[in-house]
Amino acid sequence: MDACYGIHVYGMINDTYCKSEGFRKVPYHYYEPGRDECEEYFLHENAPYGGHRFITEKKVFAKWAKKHTIIFTHPNWTVS
């Protein structure tokens, strides 16, 4: 952040996405069946040890974006 005028982050949903109305259920890994993205986030966020705190990470990025030029791009995709 100190070396750049701005940072572009692509594809990172915000920390409230999984609790918002109408969020899309998508697989966590596109190449294997299993939990969807939000189920995986909550599993890791609430794990007693280890795991990747995805939701906490998103909150940190949101705080950084208030102080630095960070642009989050999450475009709508049209399935063809």
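Is the disulfide of Cys18 and Cys38 left-handed or right-handed? Select both residues: the torsion about their S-S bond is about -85°, so the disulfide is left-handed. A disulfide here is a pair of cysteine sulfur atoms within 2.5 Å, and the sulfur atoms of Cys18 and Cys38 lie 2.0 Å apart. The structure holds one disulfide. Cys18 sits in the loop between strand E1 (7-10) and helix H1 (37-45), while Cys38 belongs to helix H1, so the pair ties together parts that are 20 residues apart in sequence.

This is a predicted model, in which local features need pLDDT of at least 70 and side-chain atom pairs count only at pLDDT 80 or more, whereas totals for chains, interfaces and linings use all residues. Residues are numbered from 1 along each chain as its sequence is written, and side-chain values use heavy atoms, leaving out hydrogens and water.

Next, show the whole chain as a cartoon. The protein has two helices and two strands, in the order β-α-α-β from the N terminus. Helices (H or I, at least four residues) and strands (E, at least two) are DSSP runs, numbered from the N terminus. The C-alpha trace spans about 40 × 40 × 25 Å along its principal axes.

Now colour the cysteines by accessibility. Buried means under 20% relative accessible area, exposed over 50%, and partly exposed in between (1.4 Å probe, protein chains only). Cys18 is buried at 11%, and Cys38 is buried at 4%. Cys4, with 48%, is partly exposed. Of the 80 residues of the protein, 19% count as buried.

Select Ile13, Tyr17, Cys18, Cys38, Tyr41, Phe54 and Ile55 together: these seven residues form the largest nonpolar core. Such a core is a set of buried Ala, Val, Leu, Ile, Met, Phe, Trp, Tyr and Cys residues joined through side-chain atoms within 4.5 Å. H1 and H2 are the elements that give two or more residues to this core.

Stay with Phe54. Which residues does Phe54 contact, leaving aside its neighbours within four places in sequence? They are Tyr28, Tyr41, His44 and Glu45, where contact means heavy atoms within 4.5 Å.

Finally, select Trp64, which lies in helix H2 (residues 54-67). Trp64 has 37% relative accessibility and therefore counts as partly exposed.
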